[in-house]
Amino acid sequence: MTALAAFGLLVIRLVVGLTFAAHGTQKLFGWFGGHGVQGTGGFFESIGIKPGRTMALLAGISELAGGLLFAAGFLTPLGALLIIGTMIVAIVKVHGANGYWATQNGTEYNVMLIVVALGVALVGAGSFSIDALLFA
C-alpha cells in the first residue's frame, strides 16, 4: 500500500469514526446538542424501540465504541460492524420510510456510512492503524 493510500484511509477513518463516536456521546452524555440517555430513551420509546433508556444506552455505547475503534484502526472490522449495525437499525426504525434523500430525513447519510465502513473493513485500515502494528 502506498503512503498516500494509507494516509487517505487514515483521513476517512478519523473523520467517519470520530463523527460517529460524537453521535454516541450525544446519546450517552448529552454532548454536542444531544439529549442524553433520558431524552434519547424517550424518543426511542416514541418510535417503538423499548425499553427506551436501555436501548439508548446500547446505541450510544455502540456508536462511541464503534467510532473509536474505526478511527483508531483497531479491530477495524468490529468497529465497522458496530457502525453498520447501528445504521441498519436507524434505517429500519427511522429513515427507511422517508426515501433516500437526507433532506427528507431519508437513508442517504446512513447508506453513506454503511458503504464507507464496509469498504474500509474490506480493504483494511491501512498502514497508519493499530491493526497494522498488531496484526501485520
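Is Glu 63 buried or exposed? Glu 63 is buried, with a relative accessible area of 4%. The close-up views below are all taken from a predicted model.

**View 1. The salt bridge between Lys 27 and Glu 63.** The side chains of Lys 27 and Glu 63 form a salt bridge, with 3.1 Å from N to O. Lys 27 belongs to helix H1 and Glu 63 to helix H3, so that distant parts of the chain, 36 residues apart, are linked by the pair. Side chains of opposite charge can pair when their charged atoms come close. A search of the whole structure finds one salt bridge. Lys 27 has a relative accessible area of 15% and is buried, because the cut-off for that class is under 20%. Glu 63, at 4%, is buried as well.

**View 2. The largest pocket.** The space in the largest pocket comes to about 700 Å³. It is lined by 31 residues, and those closest to its centre are Lys 27, Phe 44, Glu 63, Thr 86 and Ala 90. Two or more lining residues come from each of helix H1 (3–29), helix H2 (36–46), helix H3 (52–72), helix H4 (76–95) and helix H5 (108–123). H4 gives the most to the lining, with eight residues. Sorted by class, the lining holds 14 nonpolar, 14 polar and three charged residues.

**View 3. A nonpolar surface patch.** Leu 75, Leu 78, Leu 81, Ile 130, Leu 133, Leu 134 and Phe 135 make a nonpolar surface patch of about 700 Å². At least two of the patch residues are supplied by H4, and at least two by helix H6 (130–135). H6 contributes the largest share, four residues. Leu 81 lies in helix H4. Its relative accessibility is 56%, and Leu 81 counts as exposed because the cut-off for that class is over 50%. Leu 75, another member of the patch, is found in the loop between H3 and H4. At 34% relative accessibility, Leu 75 counts as partly exposed.

View 4. Phe 32 is located in the loop between H1 and H2. Its phi is near 55°, a positive value in a residue other than glycine. Phe 32 is exposed, with a relative accessible area of 59%. Leu 75 is not a glycine either, and has a positive phi of about 50°. The loop that holds Leu 75 runs between H3 and H4.

**View 5. The cis peptide bond at Pro 51.** Lys 50 and Pro 51 are joined by a cis peptide bond, with omega at about -5°. Pro 51 sits in the loop between H2 and H3. With a relative accessible area of 46%, Pro 51 is partly exposed. Pro 51 and Ser 127 are 76 residues apart along the chain, and 41 Å separates their C-alpha atoms.

Methods. Residues numbered from 1 in each chain as written. Predicted model: local features only at pLDDT ≥ 70, side-chain atom pairs only at ≥ 80, totals over all residues. Heavy atoms only, no water. 1 Å grid on protein atoms, 1.4 Å probe; cavity = no way out; pocket = protein on both sides within 12 Å on 5 of 7 lines; lining within 4 Å. Points joined across faces, edges and corners; volume = space filled by probe spheres on them. Nonpolar A, V, L, I, M, F, W, Y, C, P; charged D, E, K, R; others polar. Patch = residues over 30% accessible without salt bridge, like charges linked within 9 Å, V, L, I, M, F, W, Y side chains within 5 Å. Areas by Shrake-Rupley, 256 points an atom, 1.4 Å probe, with all protein chains shown as cover. Salt bridge = Lys/Arg side-chain N within 4 Å of Asp/Glu carboxyl O. Buried < 20%, exposed > 50% of the residue type's maximum accessible area, 1.4 Å probe, protein only.
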